Amino acid sequence: MMGSSYDVTVIGGGPGGYKAAELLGEKGLRVALVEASEIGGTCLNMGCIPFKTYLHASRINRDAALLAGRGILDANPGRLHQAQILKEKDGIVRGLRQSVEAGLRQRGVTLYRGTAEVLGDSDSEFTVRAEGELLKSTRLIIATGSEEKRITVPDGLPYRVITSKEMLELDALPEEVDIIGAGTIGLEAASYYLDAGCRVTLVEAAERIGGHIDGEMAKALARILEKRGATILTETRLERFDADGVAYRNREGEIRRNPDTVLIAVGRRPKVDRNSVERLQLRLDGDGIWIDEMCRTSHENVYACGDVTGKLMLAHTAYRQAKVIADAICGTPCAMDYSLVPRVIYTNPEVLTIGATEEDCVRDGIPYRADALPMTYSGKYFAENGKDGAKAKIIADGEDRLIGLHVIGNGFSEFSMAAELMIANRMKIEEIGRLVFPHPTYAEIFSELTAMRR
Ligand code: NAI
């Protein structure tokens with residue numbers, strides 16, 4: 001078997017793995033990157049990017065319908081052409097994938113296709129088998145991502161039961177879709193299907209939708225989606241699939257439904273290669289690989305980043321972790337901080353969450369003050385969206401420093417950097433109030449919120 005020597009072997013070519021490979025290649029290290037499927041991982045191939053392509057189209061469809069409703073456009077737009085969206089999405093994904101691959105080549109990274117297997121380590125050298133080759137390196141980065149939590153589905157059902165992966169491969173829209181799990185994927189899928197004109201029911205086991213988001217925002221988002229026609233069943237669990245339809249159960253008893261499509265979005269779990277973990281005797285943290293704040297595993301010179309660590313499963317967490325690893329390997333260590341990782345749910349309208357929620361403050365006994373306003377306080381937002389139920393909220397600690405910012409409203413994903421800076425710099429609400437917010441913008445809502453203190 002052929003052998004090659006590298007400084008670093010990276011296993012997994014998603015955002016964590018390819019970013020680490022890029023950064024280390026840039027620094028002149030010899031890097032091997034092993035990917036079993038497509039470069040770009042879940043984010044690029046079947047997550048963030050495809051969803052954004054879909055949601056962009058469906059949002060325009062909804063906006064057009066709104067204008068038609070107000071008599072501004074002639075015709076009420078019809079249904080989206082799913083086959084065309086699929087084609088467009090495939091083209092965008094292919095284009096971005098090619099540019100990531102080109103970036104890796106430019107930085108001298110050697111790409112191996114195939115499933116990597118860690119054979120072990122000796123004399124502080126790791127051996128990884130990939131594509132019939134033995135790759136030797138002094139450092140190892142594990143970035144193998146995550147996979148969907150599955151639910152057992154009987155064969156031969158007269159309706160479709162899919163996950164988000166298959167959703168992104170369908171060439172026709174469902175008439176009626178039930179979505180099990182109202183977390184990030186469930187909500188984004190619900191938003192897409194609602195704006196595309198489908199009937200949508202969300203089934204959520206918890207008492208509210210949106211998981212980690214601030215409770216007030218979760219309620220507001222639920223109202224917005226319901227106003228658009230979604231049925232939301234909380235504290236409701238799947239009971240069974242059978243030939244006559246789907247059965248759910250909640251406090252009131254059994255609910256039977258007959259959608260043509262059921263989408264399962266009940267979470268993801270780290271994709272850990274048990275053999276490699278055992279050979280390296282890596283410590284686990286829940287389902288994921290344990291790492292410290294430098295993204296080091298329990299084995300010297302083995303690092304891990306991205307979803308496989310079971311931390312916040314977000315591409316931008318993986319990117320940041322990759323940078324932390326590259327800095328540690330290059331001798332300029334800087335710890336990972338998860339507390340200010342912004343989180344966006346790309347529903348229509350978007351939900352931005354950064355820092356503490358009210359529930360976090362109550363749980364951790366942090367004295368706080370929360371102020372919220374409807375987005376209609378921004379003239380621009382009102383002109384474009386009317387009274388759509390969107391709102392913004394700031395949370396300050398006992399010293400009146402901003403510790404949390406939560407907002408429902410399109411465009412706010414782009415505001416997350418400003419929010420991160422304000423919180424990271426421990427800005428007082430009064431100081432934020434002295435900033436100049438351009439008019440008319442959505443962000444003016446934060447000027448209005450600070451004015452509530454006077
Ligand atoms: P999630 O953890 O966000 O939500 C899963 C939801 O399913 C939870 O609300 C849970 O209570 C519910 N659930 C679990 N079992 C259930 C059952 N049997 N019946 C009914 N409800 C049940 O997971 P999701 O949405 O699958 O997303 C996976 C990961 O991908 C998340 O970590 C998410 O952050 C990430 N992601 C991030 C995106 C973004 O940043 N915009 C977009 C899509 C995914």
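Into which domains is the protein divided? And which residues are the closest to the ligand?

Modeller: A word on ground rules before the site itself. This is a predicted model, so local features need pLDDT of at least 70 and side-chain atom pairs count only at pLDDT 80 or more, while totals for chains, interfaces and linings use all residues. Residues are numbered from 1 along each chain as its sequence is written, and side-chain values use heavy atoms, with hydrogens and water left out.

The protein is divided into three parts: domain 1 (3–47 + 85–147 + 269–329), domain 2 (160–266) and domain 3 (349–451). These bounds come from an automatic or database domain assignment. Taken over C-alpha atoms, the centres of domain 1 and domain 3 are 36 Å apart.

Now to the ligand. Its shell holds 19 residues, and the closest are Ile185, Glu188, Glu204, Gly267 and Val344; a residue belongs there if one of its heavy atoms lies within 4 Å of the ligand. By class, 10 of the shell residues are nonpolar, five are polar and four are charged. Here Ala, Val, Leu, Ile, Met, Phe, Trp, Tyr, Cys and Pro count as nonpolar, Asp, Glu, Lys and Arg as charged, and the others, Gly among them, as polar. Helix H6 (residues 184–195) gives the most to this shell, with three residues. Helices (H or I, at least four residues) and strands (E, at least two) are DSSP runs, numbered from the N terminus.

An N or O atom in the side chain of Arg237 lies 3.4 Å from a ligand nitrogen. An oxygen atom of the ligand is 2.9 Å from a polar backbone atom of Gly267. On its own the ligand has 850 Å² of accessible area, and the protein covers 76% of that. Accessible areas come from the Shrake-Rupley method with a 1.4 Å probe; for residues, only the protein chains shown count as cover.

Follow helix H6 from the site and you reach Asp195, which is in that helix. Asp195 has 5% relative accessibility and so counts as buried; buried means under 20% relative accessible area, exposed over 50%, and partly exposed in between (1.4 Å probe, protein chains only). Its side chain makes a polar contact of 2.8 Å with the side chain of Asn348. A polar contact is a pair of N or O atoms within 3.5 Å; within protein, one must be able to donate a hydrogen and the other to accept it, and residues adjacent in sequence count only if both atoms are side-chain atoms.

Asn348 has another feature: the peptide bond from Asn348 to Pro349 is cis, with omega near 0°. Pro349 sits in the loop between strand E20 (343–345) and strand E21 (351–355). A cis bond also joins His439 and Pro440, with omega about -5°, and Pro440 lies in the loop between helix H13 (429–433) and helix H14 (444–451). Most residues other than glycine have a negative phi, and most peptide bonds are trans.

Cys295 has a positive phi near 65° and is found in the loop between strand E18 (288–289) and strand E19 (302–304); with a relative accessible area of 0%, Cys295 is buried. Arg426 has a positive phi of about 50° and lies in the loop between helix H12 (416–424) and H13. Arg426 is partly exposed, at 42%.

Finally, the packing. The largest nonpolar core has 67 residues, and those with the most contacts inside it are Met167, Tyr192, Tyr193, Met375, Leu405, Phe412 and Phe446. Such a core is a set of buried Ala, Val, Leu, Ile, Met, Phe, Trp, Tyr and Cys residues joined through side-chain atoms within 4.5 Å. Helix H7 (residues 215–227) supplies the largest share of this core, seven residues. Because domain 2 (160–266) and domain 3 (349–451) both give residues to this core, it lies between them.
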